[in-house]
Amino acid sequence: MLDAFNAERTRLVNEKGDTAEDLSDYIVQVRAVVKGLFGDDSSEYEMVGGTRASERKKPKKKDKEE
């Protein structure tokens, strides 16, 4: 009985992981469409979970050590 319970639990955990992966892929596609339509600095892009271009940190220059 315990083996059957563990097998069912494992199946459900795997199913949950697959569903989460599918949802993540869908969200990436939605963000790409919103970015294409409205731009990467739009409030619409931020509403779907993207980080607006104006709010990203600017890369810092590295000093050259000689």
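Biologist: Which residues are linked in a network of salt bridges?

Modeller: Glu8, Arg11 and Glu15 are linked in such a network. A word on the basis of what follows: this is a predicted model, in which local features need pLDDT of at least 70 and side-chain atom pairs count only at pLDDT 80 or more, while totals for chains, interfaces and linings use all residues. Residues are numbered from 1 along each chain as its sequence is written, and side-chain values use heavy atoms, with hydrogens and water left out.

Biologist: What makes the contact of arginine 11 with glutamate 8 a salt bridge?

Modeller: A salt bridge is a side-chain nitrogen of Lys or Arg within 4 Å of a carboxyl oxygen of Asp or Glu. The closest N and O atoms of arginine 11 and glutamate 8 are 2.7 Å apart, so the pair meets the definition. Both residues lie in helix 1, three residues apart, which is about one turn of the helix. A search of the whole structure finds five salt bridges.

Biologist: Why are arginine 11 and glutamate 8 called partly exposed?

Modeller: Buried means under 20% relative accessible area, exposed over 50%, and partly exposed in between, with a 1.4 Å probe and protein chains only. Arginine 11 has a relative accessible area of 40% and glutamate 8 one of 35%, so both count as partly exposed.

Biologist: How do you know that arginine 56 forms a salt bridge with aspartate 40?

Modeller: The closest N and O atoms of arginine 56 and aspartate 40 are 3.9 Å apart, so the pair falls within the limit for a salt bridge. This pair links distant parts of the chain: arginine 56 is in the segment after helix 2 (43–47), and aspartate 40 is in the loop between helix 1 and helix 2, 16 residues apart. Arginine 56, at 35% relative accessibility, counts as partly exposed, as does aspartate 40 at 29%.

Biologist: How many helices and strands does the chain have?

Modeller: The secondary structure comes to two helices and zero strands. Helices (H or I, at least four residues) and strands (E, at least two) are DSSP runs, numbered from the N terminus.

Biologist: Why is the chain called more spread out than a compact globule?

Modeller: The radius of gyration of the chain is 21 Å, well over the 11 Å that the globule rule gives for 66 residues, so the chain is more spread out than a compact globule. The radius is taken over C-alpha atoms, and the rule is 2.2 Å times the number of residues to the power 0.38. Along its principal axes the C-alpha trace spans about 65 × 45 × 15 Å. Of the 66 residues, 6% count as buried.

Biologist: Which residues form a nonpolar patch on the surface?

Modeller: Leu23, Tyr26 and Ile27 form it, with about 300 Å² of accessible area together. Patches are made of residues with over 30% relative accessible area and no salt bridge: like charges are joined within 9 Å, nonpolar side chains (Val, Leu, Ile, Met, Phe, Trp, Tyr) within 5 Å. Accessible areas come from the Shrake-Rupley method with a 1.4 Å probe, and for residues only the protein chains shown count as cover.

Biologist: Which residues form the negative surface patch?

Modeller: Asp18, Glu21, Asp22 and Asp25 form that patch. Asp and Glu count as negative and Lys and Arg as positive, while His and the chain ends are not counted. The place of a charge is taken as NZ of Lys, CZ of Arg, CG of Asp or CD of Glu. Aspartate 18 lies in helix 1 and, at 48% relative accessibility, counts as partly exposed.
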